[in-house]
Amino acid sequence: MNLLEGPPAVVAAGVDVFSAALRAQGAEVTDVDWRPPAFGDPGDLAALALDPRRAAANRTAVERVLAAGSRLVDVRPARETLGLPDRTLLHSGPPLTWEAASGPMRGALIGACLFEGWASTVEDAEALLASGGVALDPCHHHSAVGPMAGVTSPSMWTWCLEDPVNGGRAYCNLNEGLGKVLRMGAFGEEVLTRLAWMRDVLGPLLARAVRSMAEPLDVKAVLAQMLQMGDEGHNRNRAGSLMALRELAPALVALDAPSADVAAALRFIGGNEHFFLNLGMPTAKLAMDAARDVPGSTLVTVLSRNGTEFGVQTAGTGDRWFTGPAQTPVGLFLGDYGPEDANPDIGDSAIMETYGVGGFAMAAAPAIVRFVGGTVPDALATTERMYQLTLAENPAMAIPVLGFRGAPTGIDVLAVARTGWLPQINTGMAGRVAGTGQVGAGLVQPPRECFEQALAALAQEARAATAA
């Protein structure tokens, strides 16, 4: 109340010149020795900051990310696209064993064994998996991605996307919808029945429709348009799913196929708000894979979780994983579910944030807060903060409310370490107990350990390069 009645008293944190200037004017100044909450070894930070390769390497990596395109060129079973042999399952996140798998991951693996006919009962499936009779491997090791548990088996149909600029390919299975679904760890009769219909009816129809289209679907263009229609590309895909339906429907209707099957396919796609997610994820995967193996680059190419661990990869360290314990999202719950029912973070879908959409583009989709929690100002502030962690703005992914500013793209390990801020991810939540399915959606961040390890590894590479 007396602020203007006496001489000012100033508390200063930062450059000494400000304090000196105030003192010269007779002001009382108290200096506070404060620095941003950086983490990591100071020597590693210095080595990375002074790496003469870094600026050019990051420029190269970012240019590849921004230039990458995405076209839908085919739909085929995973045994063909990914070369999956019998008794092999892919999963989300970094490498995982059955013993370390969380409830929803175990549920999805069990369901896949039942779906493929490798086991006839839940108990048989558990015994088969525990014995090592089924090989487990991350989707990311096969140029693929999978939402939530991400479990992909040989008989599941996959989207096949191609980058016309860099020539890469990326893959993802088909989205089952919401609720009790395999990717959320459910494996009941309704789940297996739906998967069988997708294998026998939906997949073959989509394959024929996609191959009959005069021009491949430009998935990157759809993703860009979504952001101008209220989606953010991770947990809100309403506009994108409708646009995908608009593009696929004429080809589906024109097929020489039973009308009941075509109608069922159109109903399924139209009723699945997350149908587009499984096209958006490989689009982001294509872009981030284009930036792989750029020596000296501190750009993050993968953020991924398997329900037990969170994994990070960078352009400068190739396929090496940096892991830490997966965190449990904080958000909104379905029905009577609560925080005690939620499993730690899971899924490859954080590839969307790695690309600069999803949680990084929440400002484009303020309505997302009604699904994941928080407020509209929170959504705007999150996107603004993510600009401080990234190397570029993606002009193709424009955010209307920010004056069509490009989405913050290219997470920089050095910027994360310097600021102490962690990337923001919005995500679904699977039930902790196998077979439960989805229990909610919320917000989560990677564990700091992932970035500490990445920082140390990149610094070691920088020192080696300098010594050479």
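The model is a predicted one.

**Cysteines**

Let's start with sulfur. There are zero disulfides in the structure. Cysteine 172 is in no disulfide, and the nearest cysteine sulfur, that of cysteine 139, sits 7.6 Å away. A disulfide calls for two cysteine sulfur atoms within 2.5 Å. For cysteine 450, the closest cysteine sulfur is again in cysteine 139, but at 18 Å that is too far for a bond.

**The α5 and α7 pair**

Next, two helices that pack together. Helix α5 covers residues 103-116 and helix α7 covers residues 189-212. Their axes lie 10 Å apart, at an angle of about 55 degrees, so α5 and α7 are oblique to each other. As for handedness, α5 passes α7 in a right-handed crossing.

**Two positive phi angles**

Now for the backbone. Most residues other than glycine have a negative phi. Methionine 148 has a positive one, near 50 degrees, without being a glycine. Where is methionine 148 found? Its place is the loop between β6 (144-145) and β7 (157-162). Methionine 148 counts as buried too, at 4% relative accessibility. Phenylalanine 404 is another non-glycine residue with a positive phi, this time of about 60 degrees. Phenylalanine 404 also belongs to a loop, the one between β15 (390-399) and β16 (405-411).

Glycine 410 is buried, with a relative accessible area of 3%. Leaving aside residues up to four places away in sequence, glycine 410 touches Leu299, Thr354, Leu389, Thr390 and Leu391. What separation do the C-alpha atoms of glycine 410 and valine 62 have? They are separated by 6.5 Å, although the two residues are 348 apart along the chain.

Over in the loop between β4 (88-91) and α5 we find serine 102. Is serine 102 buried or exposed? With a relative accessible area of 10%, serine 102 is buried. Its contacts, again not counting residues up to four places away in sequence, are Asn306, Gly307, Thr308, Asn343 and Ile346.

Threonine 97 likewise lies in the loop between β4 and α5. Unlike a buried residue, which falls under 20% relative accessible area, threonine 97 counts as partly exposed at 45%. The C-alpha atoms of threonine 97 and threonine 152 are 16 Å apart, and the two residues are separated by 55 residues along the chain.

Here are the accessibilities side by side.

| Residue | Relative accessibility | Class |
|---|---|---|
| Methionine 148 | 4% | buried |
| Glycine 410 | 3% | buried |
| Serine 102 | 10% | buried |
| Threonine 97 | 45% | partly exposed |

Note on methods. Residues are numbered from 1 along each chain as its sequence is written. This is a predicted model: local features need pLDDT of at least 70, side-chain atom pairs count only at pLDDT 80 or more; totals for chains, interfaces and linings use all residues. Side-chain values use heavy atoms; hydrogens and water are left out. Axes are lines fitted to C-alpha atoms, for helices over the stretch in contact, and angles run from 0 to 180 degrees between N-to-C directions. Helices (H or I, at least four residues) and strands (E, at least two) are DSSP runs, numbered from the N terminus. Angles under 35 degrees count as roughly parallel, over 145 as roughly antiparallel, 65 to 115 as roughly perpendicular and the rest as oblique. A crossing is left-handed if the near helix is turned anticlockwise from the far one by less than a right angle, and right-handed if clockwise. Buried means under 20% relative accessible area, exposed over 50%, partly exposed in between (1.4 Å probe, protein chains only). Contact means heavy atoms within 4.5 Å.
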